[in-house]
Amino acid sequence: AVIRLADYRPPAWTVEHVDLAFDLGIDRSEVLATLDLVRQADEPIRLNGEGLELLELHVDGRRLVEGEYILANGVLEVGVEGDRCTLVTRVALRPAENTAFEGLYLSGSRDKGFLLTQCEAEGFRHITYYPDRPDVLAKYTVTLRADKARFPVLLAGGNPDGAGDLPDGRHWARFVDPHPKPSYLFALVAGRLERISQDYTTADGRKVDLHIWAEADVIDRCDYAMDSLVRSMRWDEQAYGRNYDLDVFHVVATHDFNMGAMENKGLNIFNAKYLLADPDSSTDDEYRHVEAVVAHEYFHNWSGNRVTCRDWFQLSLKEGLTVFREQSFSADMNSAPLKRIEDVALLRRAQFPEDAGPLSHPVRPSQYSEINNFYTATVYEKGAELVRMIAGHLGHDGFRKGMDLYFERHDGEAATIEDYLKALGDANGVDLSAYLAWYGQAGTPRLSAEGRYEADKHRYRLLLRQRTPASAGQPNKQALPVPVRLSLFDANGRAMPLRLEGESAADAGERTVVLTQAEQAFVFEDIASAPVASLLRGFSAPVVLECEYAPAELALLLRHDADGFNRWDAGQQLAGLAYDEYRDGKPEGAAVVAWASALAGLFHDASIDDALLAELLTPPGEIELVERQAERDPERIRAIRRGMLRALAKAIGIDALKARYAALREAASDGLDAASQSRRQLKRRLLDLIALVDASGAVALAGAQYSDAPSMTDRLAALTTLAVTDAAAGEQPLAHFRQRYDGNALALDKWFAAQAQLPGDAALARVQALEDDPAFTLKNPNRVQALLGTFARANPTGFHRADGAAYRWLGDRLVAIDALNPQVAARVATAFNGWKRLEATRREAAHAVVAELAARKDLSRDLTDILARVALG
Ligand code: ZN
């Protein structure tokens with residue numbers, strides 16, 4: 001069944017209050033639900049419920065017998081008279097059999113594991129009969145009862161409201177949440193868990209107990225998350241004036257989770273991957289991810305919970321906005337330009353391909369058949385770019401005013417994207433409705449820029465054009481408002497004062513012009529010499545820029561642009577041109593030389609931060625470079641990219657690379673300060689460059705680095721370089737790592753992922769052998785992602801081997817995973833996106849697998865939906 005935005009109707013019955021009483025057990029749990037329902041329309045009560053065993057149903061105290069209600073297709077329908085009623089159901093669930101990790105399920109083993117819930121988007125209907133839609137907001141009272149020895153810790157969202165013992169070794173605990181919430185924010189946790197705690201006082205004076213819970217073996221790895229939580233809470237007070245609103249805040253870590261984490265009211269639940277951190281098992285990147293995800297889920301308390309979504313089409317209202325808030329927080333905590341580089345690189349790597357293929361959809365989709373398949377890079381990352389664009393339009397203070405009004409106007413409500421734009425606009429007396437088109441239109445706009453310098457008139461004329469390629473269901477695209485932040489540089493790399501035709505005074509060296517038509521010219525006056533334009537500074541709009549720069553112009557920006565992002569991006573564009581020359585058989589072309597020599601110069605520039613230098617020394621990845629090939633042949637892309645990198649290594653010089661590496665190694669520490677992290681990042685980059693020109697030298701360096709690495713970052717980098725550079729040299733450290741981290745799930749995931757990335761035809765056999773490792777299981781989403789997900793989505797030469805063997809193998813695995821966990825299967829299956837642009841042999845092999853799977857009738861709705869769309873090509 002297809003659900004359409006255009007068909008939205010408000011709920012016929014709402015819930016004023018819900019009382020839930022759980023009798024928890026691993027094999028069988030019972031849920032007694034009491035719903036106080038209020039009529040809104042002349043229709044029967046319809047409650048969602050999936051996989052529930054209905055034991056009892058009462059309306060206003062009277063038990064209904066079969067025939068007095070209809071139970072079909074996941075809906076319980078009851079006709080009642082009057083405008084209010086109290087409806088009671090008692091149902092039974094089987095948590096240990098729930099391998100889909102949606103609803104109430106068991107994390108870990110039957111004897112040691114714990115029970116928990118995941119409800120977003122539609123998991124609550126797996127727990128009880130309920131109008132499971134986000135525009136039904138109710139107050140919750142939750143009572144948990146369970147065996148005290150087996151489930152010593154009982155948690156649910158809201159404030160604690162009593163606890164005590166029961167006969168037969170059982171106990172109970174009650175929680176009351178004063179804030180009305182939609183069902184997707186409900187959560188409970190029960191089992192043997194340890195905690196760390198901290199007191200926190202909000203800016204408006206509320207004392208809050210913060211608790212982070214995890215299993216005993218990992219509780220000592222939660223301190224960084226606690227620090228991150230405190231920083232997030234302070235930041236939201238300062239940046240947005242938002243305070244926390246309950247007396248307790250719980251965060252729980254689990255190894256069994258489909259997604260990153262979940263913002264359940266007062267009880268956030270995290271994939272352990274985004275909560276645990278310690279130097280021995282976490283890389284620097286992972287520390288930053290923990291900080292960002294802790295912040296993300298906390299920020300949802302306002303952008304998502306206090307103001308929620310009217311329906312799932314509005315998902316980006318909370319996700320795009322919360323990713324933007326999270327990005328701003330991370331930029332404040334760390335280096336802002338590096339954060340911007342990281343975010344845009346992710347957008348290009350994950351969202352652009354999604355938007356260019358059959359899975360393309362608008363940030364606000366207009367229809368879906370399985371909402372779980374819309375937790376995408378488009379809704380999250382492109383959604384965040386849209387918020388950033390609008391925030392840029394309003395300016396810092398205007399955006400804050402708009403956000404204040406949005407929160408004030410819609411607190412306690414389920415809102416829409418229109419409501420959001422209206423509040424931001426109203427607070428500033430402007431009309432933002434033109435931006436709505438960005439939310440409804442799929443595909444990445446192409447922005448072409450053409451500059452012409454009129455020397456006689458001292459004018460620079462910039463012609464901007466936009467065009468969005470057609471996508472499924474959207475043959476004709478409209479023009480969007482595209483803010484282009486820009487500077488003009490003179491030949492010495494100095495930014496010129498900017499005065500647009502018709503204006504009286506010149507701005508400083510940067511300004512934003514907004515392209516609102518398909519085509520528009522902007523004329524700058526008093527431009528003394530032919531400038532080089534730095535466009536889309538800070539990546540001011542999520543578009544592909546098409547501008548015919550000469551290599552020397554990009555090299556100038558790479559050397560002088562004060563905007564750290566654009567400096568890096570000039571290097572990326574220049575590397576793209578260098579790639580084209582390599583591809584076309586010109587390894588000594590102008591772009592190759594300009595790129596390598598500019599970077600060789602910057603290599604010795606002491607004013608450049610080590611991490612930025614590492615980023616500058618990294619050309620677009622194999623996945624992004626696909627765009628530069630008419631037909632993709634991953635082997636060829638990899639060979640060309642390596643050729644370029646070799647040219648770069650030679651331009652810098654092997655001795656200079658090794659000397660710098662040695663100096664960084666000298667300064668090594670396990671500190672988490674920015675300088676130490678930057679050094680590790682550059683060290684890793686240098687090791688890879690050295691490996692391209694002196695493999696045996698690199699193996700020696702990496703071997704030493706592996707043995708005495710003070711932290712996981714250095715250890716994993718060395719291990720990866722060893723395994724990629726010399727398979728034989730990699731074996732012993734791989735075996736050592738496997739043993740050293742036996743029992744450390746997150747470290748083992750890295751071990752699986754590192755090998756899943758080994759390039760070329762040999763990768764498949766390696767991955768298949770790893771499936772036999774006793775630590776491998778298809779039941780754990782992180783493990784599946786580490787091995788199968790990494791192989792299929794981050795190892796182009798391994799997955800796309802020409803004989804199609806990896807496609808057929810993955811097809812088999814998808815069927816097996818789907819039987820356990822449809823959400824995970826659907827996610828892994830997106831690896832087949834883009835099959836149509838592969839070169840012919842691969843294309844046919846991939847298509848055969850996709851078509852065969854798509855024709856099956858026994859797969860989940862999640863996987864079927866992805867396959868059906870991917871099959872369209
Ligand atoms: Zn989120």
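1. Leaving aside neighbours within four places in sequence, Ala-614 is in contact (heavy atoms within 4.5 Å) with Gln-681, Leu-682 and Arg-685. Ala-614 belongs to helix α11, residues 610-616, where helices are DSSP runs of H or I with at least four residues, strands are runs of E with at least two, and both are numbered from the N terminus. Ala-614 counts as buried because its relative accessibility is 2%; buried means under 20% relative accessible area, exposed over 50% and partly exposed in between, with a 1.4 Å probe and protein chains only. Pro-469, 145 residues away along the chain, has its C-alpha atom 34 Å from that of Ala-614.

2. This is a predicted model, in which local features need pLDDT of at least 70 and side-chain atom pairs count only at pLDDT 80 or more, whereas totals for chains, interfaces and linings use all residues. Residues are numbered from 1 along each chain as its sequence is written, and side-chain values use heavy atoms, with hydrogens and water left out.

3. Thr-416 sits in the loop between β24 (413-415) and α6 (417-428), and Thr-416 counts as buried because its relative accessibility is 9%. Not counting residues up to four places away in sequence, Thr-416 touches Arg-310, Gln-314 and Leu-317. The charged end of Arg-310, in turn, sits over the ring of Tyr-8, 3.7 Å from its centre; this description requires NZ of Lys or CZ of Arg within 6 Å of the ring centre and within 35 degrees of the ring normal.

4. Met-712 lies in helix α17 (residues 712-725) and is buried, with a relative accessible area of 0%. Beyond four places in sequence, the residues that Met-712 touches include Pro-279, Asp-280, Phe-737 and Tyr-741.

5. The count of aromatic pairs comes to 35, where rings of Phe, Tyr and Trp (its six-membered ring) pair if their centres lie within 6.5 Å, and planes under 30 degrees apart count as stacked, over 60 as edge-to-face and the rest as tilted. Tyr-375 and Tyr-380 form a tilted pair, 6.4 Å centre to centre with 50 degrees between the planes, and both Tyr-375 and Tyr-380 are buried. Phe-791 and Trp-809 form an edge-to-face pair, 5.7 Å centre to centre with 80 degrees between the planes. Phe-791 lies in helix α21 (residues 781-794) and Trp-809 in helix α23 (residues 805-820), so the pair ties together parts that are 18 residues apart in sequence.
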